[in-house]
Amino acid sequence: MCQKKLVLLGTYRERFCLGAVTLHSANNGIRGRSGLKTQDMQFEPKDVFKKLEFDKVLDLLEKEALTPMGGEVLRHISPETDFAVIDRGLREVREFKLALEKNDRFPIEAFPDISSDLKLLDIEGYTLQAESFQGVLRVLFVTRDIFKFFSGGAKKEIYPKLYDHIRELSYDEGLAKAIAAVFDDKGEIRPDASPELMRIRKEMQQKVRELDGRFRQIIQEYRSKGWLSDTPESFRNHRRVLSVPSEHKRKIRGIIHDESDTGRTAFIEPEAVIEINNDLFDLEQDERREIFRILRDLSQTIRPYSPVLRHYLDVLVKLDVVHAKAKLALAMRAGMPILKEKPVIGIKKGYHPLLYLKNKAQGRKTIPFELRLNSENHILILSGPNAGGKSVAMKSVGLMQMMVQCGLLIPVHELSEFGIFRQIFADIGDQQSLDDDLSTYSSRLQNARVFLEKATPQTLVLIDEMGSGTDPKPGGALAEAILRQLHRKGVYAVITTHYSNLKVFAFRNPGILNGNMHFDKDTLSPTYELKVGRPGSSYAFEIAEKSGLSKDLIGYARNRTGPETAVDDILIELQREKQELEEKLRSVLDKEQSLERLIKSYDSLQHDLDVKRKRLKLDQKEFELRESSNASREVDRLIRQLKDERNLEKAQQISAQLRVERTEKARQVDDVNAEVIKLEEQNQPSASSRPLAEGDFVRLRAGGATGRIESIKGQKATVQMGGLKVHAPLRDLLPVAEPIKQVSTASNTNLQQAALFDAKVDLRGMSKDEALRVLEKFVDNALLSNASSLRILHGKGDGILRKVVRQKLREYGSNIGNVYHPEQESGGDGVTIVELV
């Protein structure tokens, strides 16, 4: 049994971070399993968790925990900055969520906290109580079930990150058996826990039977005399006694143990059973001493395994934490985004986690949003009417970023991207303080000063209603100055505002995006859709008109606003035109790229056509040359005939003419062949990179046979092709890679693979890259195993995995026959059937 020792730091909150053991160092850093020191994440102000409602997420997580230990860890988790730790935590939760979705029951159940018992067990000579052993046994049983879950090889491959928790551990049944040999299923000491205990309990049973028989005789005798109460017997001082009315207590010989509160009943132990009760008392003492001895020996037996039991407990707590995260992820239909080491936010179909759960419970629809911030565009100025969803969108970004860095899945599309930030600053809500003598605006300025002092390109800043709380003109000017400094520092930020000067600043400065919460002008109601690319309007006058204010009042207000609203309208129109131009430019660039690809494809096709045309011409010339050779043989026959007829001069003329024609055709064949070689060499520049040498692998230009050069003499080479030696000109040879050697045992291997191959694969829950790797290995094994039909489960969802499967199958060309989806009752679009050729 593995006896690997762990470092314990008092509470589970100190011992776990994202479900992994971390050691806190004295320099305010931590070391993850990667061994690299990482800085703790910084927050300004200190109540960021509450401002972004992350504390409510922690409450939900704590409710999903199976044990108080898991709840304690979840209550105190905080965002990590180590990429490896975050990635491992996210993958663990994704695997557990997959198990829940597939009803593949992971055997994590409630278990007691035995840490204090293990601490006492470390004291030499200490004896654990029976209740403590029950807790230890429960931990062992849950651990055993987890080991059994992974006993099959398939589970280790499907849930590799979960298996990592026990990968380096082993489980010894002997420890649980040692405890189970002492305790029964109800937690009681077994009668056969030791021979001595068995003897004592056997004698006790005999004494009890003897006492029962004697007591029945006494009760029968005294009841006939009327000396007993209606309830004739009871227990006092752990001894069996008679209930006797006070007026008869002097008539019965024995020991009075007690009297009733009224004094009307005396409880007497009859003299005839005193000796039997004394024997029972002695046997009970012997039983207690024997049980203590058994527990002492059992404590001594498991004491060396205290570190292992502690490790088992830690693993179970980690898995409880992962289980709680997976349960919450399942409730909010969350997934794992693509994790990046550098700061980036790329949200696709994102939902505010808490708002999604609330609307889901009420049967209401939640509107998703999309947003991308990167090194080129790293600040979003979000404007629009009140109650349109600006603050919700801004908080969603901060909350989801926190959740990701805590190893929590979030409700976004799987192609969303999240980087790692080292600081999160948030100025949200009213932060006035009577204790610190701060007004709302003063607290905002103080936050701004701290943000500007500490912010870096790895900081995420969230500011709600920037510049509000004072006179709009100086407030807007100060807000613009603060925005300008944040922009220069390269921070990532989402800022909500109503100030036009901030929208103009975003329009004029690259790296800052305008955005708005869409507002339906016809119904004068918000749609809660985030639109990036153009600023929003407050629609104050439109909303005022809808609320019933008089037109005169609204008209007066419009006149009082002067040019400010006009600037707002012009800015919105400019931003719209700019966005349209950018979209057209992107469209033109896409078309240019498509045109370049078409031109390259055309050039390639034209080159292939030229080669085929030349080859056709070569074939024609070679055919004519062969025909000429045949004609030459016919002429030779005629010459011999003419010689016989003594017409020598005519025969010489015909012979000379045929030689000229044959020479000309041979020259044409050589010219066309040279052109074909030149075209092929243009398409294969590596062929002329160095001259051919002995030992090189080559193939014939005509026919494609492959072999190895044995020797070269002048411009000719001797090539070994299987069991034949071929002499060929160097110009007729093309260099090739060394052929793959065949293994003699291939047939046996194929038979074994065919016997073990499973024609089904499940890609659900996998990322695109993982699905490609698994699918490629699956199809390769299918071809090696001579399988005829495959069944690929990819789910319906957004159809991404279905497209990945189709794309991958095309790479196998003629090896793939028919590809189709089965009937709806057999899986429909969520399943692909493949027939192999």
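Trainee: At what angle do helix 3 and helix 13 pack?
Mentor: This is a predicted model. In it, helix 3 and helix 13 pack at an angle of about 115°. Their axes lie 8 Å apart.

Trainee: Is that crossing left-handed or right-handed?
Mentor: Helix 3 and helix 13 make a right-handed crossing.

Trainee: Which residues make the contact?
Mentor: From helix 3, Val57, Leu60, Leu61 and Glu64. From helix 13, His323, Ala324, Lys325, Lys327 and Leu328.

Trainee: How many of those are nonpolar, polar and charged?
Mentor: The contact has 5 nonpolar residues, 1 polar and 3 charged.

Trainee: New topic, helix 14. Which of its residues are buried?
Mentor: Helix 14 spans residues 353-361. Pro353, Leu354, Tyr356, Leu357 and Asn359 are buried there.

Trainee: What covers them?
Mentor: The cover includes helix 3, helix 13 and helix 15. Helix 15 is residues 390-405.

Trainee: And what follows helix 14?
Mentor: Gly363 follows helix 14, with a positive phi near 70°.

Trainee: Now confidence. What is the average pLDDT?
Mentor: The protein averages 81, and 79% of the residues score at least 70.

Trainee: Where is confidence lowest, and where highest?
Mentor: Strand 1, residues 23-24, is lowest, at a mean of 32. Strand 13, residues 417-418, is highest, at 96.

Trainee: Where does pLDDT stay under 50?
Mentor: Over residues 1-38 and over residues 432-437. The model has 94 contacts beyond four places in sequence for residues 1-38. For residues 432-437, it has 5.

Key: Residues are numbered from 1 along each chain as its sequence is written. This is a predicted model: local features need pLDDT of at least 70, side-chain atom pairs count only at pLDDT 80 or more; totals for chains, interfaces and linings use all residues. Side-chain values use heavy atoms; hydrogens and water are left out. Buried means under 20% relative accessible area, exposed over 50%, partly exposed in between (1.4 Å probe, protein chains only). Helices (H or I, at least four residues) and strands (E, at least two) are DSSP runs, numbered from the N terminus. Contact means heavy atoms within 4.5 Å. pLDDT is the predictor's confidence in each residue, from 0 to 100. Axes are lines fitted to C-alpha atoms, for helices over the stretch in contact, and angles run from 0 to 180 degrees between N-to-C directions. A crossing is left-handed if the near helix is turned anticlockwise from the far one by less than a right angle, and right-handed if clockwise. Ala, Val, Leu, Ile, Met, Phe, Trp, Tyr, Cys and Pro count as nonpolar, Asp, Glu, Lys and Arg as charged, and the others, Gly among them, as polar.
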